[in-house]
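Here is a colleague's note to be read with the sequence and the coordinates open side by side. Please go through the points in order and check each one against the display.

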Amino acid sequence: MKPLDHLDDDIRDHIERETRENIERGMAPEQARSAALRKFGNVARVMEQTRDVWRWVWLEQLQQDVRYGLRFMFRNPRFAAVVLLTLALGIGVNTAVFSVVNTVLLQPLAYPNPDRLVWLGTYDPQIKRDMVAMPEFYAWRQRARSITAMAAFGYQQAAIETPQGAAQITGVYGAGDFWKLTGAHAAAGRLFGEEEQDCLVLSWDLFQRQFAGDPRIIGQPVVMNGRQVMITGVLPRNYRFQFPMWWVAQHPEPVEAYFSAPPPAQRSMLGTQVVGLLKPGVPVAQANAEINSLEKHLWEQDHGPRPLPVVHVDPLQQQLTGSSRRALLVLLAAGAFVLLIATINVANLLLARATLRRREVGVRAAVGAGRSRVIRNCWWKASSRRWPAVWQAWHWRDGPSMRWCASRRSLFPD
Amino acid sequence: MSTKGEEDRVELLQGTLDLLILRTLLFGPEHGHAIAKAIERNSDDVLQVEQGSLYPALHRLIKRGWVAVQEGVSENNRKAKFYRLTARGRKQLRVETTKWDKLAGAIGRILRPAGEEGVP
């Protein structure tokens, strides 16, 4: 029975007894009760003071235990060093693996509706990657009902002449609903429209580097690949291009500029990459079926010699992660096992020591430490070696770990 | 009601309530009300204890391990919490009693030095 249990019953009981005694002495019941209450004093204050007696007990005991753990550590520096090293190894491996998993698997796309974004492609065995012909993209976009918005994009390089001199810039062209899918807003100027041609939107970095952040450049024509194009706007500093980049192996430089769609005359020969936004509530499989039936229809009209292409529609997140997903999950599991083994090793070491402590625990019990008190003492002693982990948890509490919880579904899809 | 007038009653000194509780429990486990009554009765109603202040004091003693709680049945067959002296409490009572005797003796000697008998 805990001392604080039924404190209010206790006090009520007390006042009742006093009242009864007063009645026995000849008081009227009302009077007897108020006399008893007067004699007892302020009930609420008494209860508060009684609870206060216990309020800090656990904290005091905690302090004792932690101090004891530290003393133990400093008295056995070699033992402490071994334990610390073992745990540091386990925690370090986990931190490293998790930071990779976090950026690659868990951070959802920074674009709006990341769970509805899909990748559409036809695998081309000759170039070993997905490819969609530009006319197909326009046909799909016009007819598909299960996909509300669709964009095509591709790698493009350009030589640009500016007042600061000529420069080679790397960028992508964006056709269709490109800006809508990326959720971009211009930091200055505006984003070019779907039908506009020969337009250019600068990334923040390029704007600062090549044009010294001079807003007068917006709306001005510049010469690009020998053609006059217009800079319509600048993207915010934190805007990132996050669609799959097959070209990144050959051209690892960041995307610095966004070009309007290629002119119609060039489109028929152009292979492109396509992303789309599913209609809310429509499963990927349904979009897949619809696009393939559209494709069959196009193929029958075409009468071309080519075989019927098979289009696959996949969640964009999955397309981005690709084959690294399984490897990373295996690595994550391996990291967890390393930590587990490290913990078991430490537990074994502590157990070996604990046999030395049997006498000490006996003394503790003899002078009045309860079973739980002894266990808590041991726990805190052990945990003063877990502080690196506590520290880590503290730093992660509103960082990746929370995001991890939020995006757990994407790690283990059903 | 009480046998003494209000002016004859004495407020308890700080910390002496603990000592009185320990002493009262020496005769066996008691519930809260009985402890308060025993203190009043044994001091011929001179000591005035605000009965409520008994409870924080009791819990301080429990926390130090000098008093333990147990469930019991009171004289009128009702469940009640009984407080009992522990072995450590018994030892503490001896220590406190010695301390108190020393303190009372010392203060008495200061207030009534030898050779000044009769001075109030």
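This is a predicted model: local features need pLDDT of at least 70, side-chain atom pairs count only at pLDDT 80 or more; totals for chains, interfaces and linings use all residues.

1. Chain A has 414 residues, of which 39% count as buried, and its secondary structure comes to 17 helices and eleven strands. Residues 24 or more positions apart account for 74% of the contacts in chain A that have a separation of 6 or more. The accessible surface of chain A comes to about 23500 Å², with 60% of that area belonging to carbon and sulfur atoms.

2. Chain B has 120 residues, and buried residues make up 40% of them. Its four helices and four strands follow one another along the sequence in the pattern β-α-α-β-α-β-β-α. For contacts in chain B with a separation of 6 or more, residues 24 or more positions apart account for 56%, and chain B exposes about 7300 Å², of which carbon and sulfur atoms supply 53%.

3. How much area is buried between chain A and chain B? The figure is about 2500 Å², and carbon and sulfur atoms give 52% of it. The size of an interface is often given in this way, as the accessible area lost when the parts come together. In terms of residues, the contact takes 28 from chain A and 29 from chain B.

4. The polar side of this contact deserves a separate look. Between chain A and chain B the count is five salt bridges, and one of the salt bridges joins Arg45(A) to Glu50(B), where the closest N and O atoms are 3.3 Å apart. The count of residue pairs in polar contact between the two chains, with both residues at pLDDT 80 or more, is 14. On the side of chain A that touches chain B, at least two residues each are supplied by α1 (7-24), α2 (29-40), α3 (43-55) and α4 (57-75) of chain A, and α1(A) gives the most, with nine residues. By type, the residues on that side of chain A divide into eleven nonpolar, five polar and twelve charged.

5. Within chain B, helix α2 (residues 32-42) is largely enclosed by the rest of the structure, because nine of its eleven residues are buried. The buried residues of α2(B) are Gly32(B), His33(B), Ala34(B), Ile35(B), Ala36(B), Lys37(B), Ala38(B), Ile39(B) and Glu40(B). Just after α2(B), the backbone at Asp44(B) takes a positive phi of about 55°.

6. Which residue of chain A does the side chain of Glu40(B) meet in a polar contact? Its partner is Lys39(A), whose side chain is at 2.9 Å from that of Glu40(B). Glu40(B), which is found in helix α2 of chain B, has a relative accessible area of 5% and therefore counts as buried, the cut-off being under 20%. When residues up to four places away in sequence are not counted, Glu40(B) touches Lys39(A), Asp45(B), Leu47(B), Val49(B) and Gln51(B).

Methods:
Residues are numbered from 1 along each chain as its sequence is written. Chains are lettered from A and ligands numbered from 1 in the order in which they are written. Side-chain values use heavy atoms; hydrogens and water are left out. Buried means under 20% relative accessible area, exposed over 50%, partly exposed in between (1.4 Å probe, protein chains only). Contact means heavy atoms within 4.5 Å. Buried area is the accessible area (1.4 Å probe) that two parts lose on being put together, summed over both. A salt bridge is a side-chain nitrogen of Lys or Arg within 4 Å of a carboxyl oxygen of Asp or Glu. A polar contact is a pair of N or O atoms within 3.5 Å; within protein, one must be able to donate a hydrogen and the other to accept it, and residues adjacent in sequence count only if both atoms are side-chain atoms. Ala, Val, Leu, Ile, Met, Phe, Trp, Tyr, Cys and Pro count as nonpolar, Asp, Glu, Lys and Arg as charged, and the others, Gly among them, as polar. Accessible areas come from the Shrake-Rupley method with a 1.4 Å probe; for residues, only the protein chains shown count as cover.
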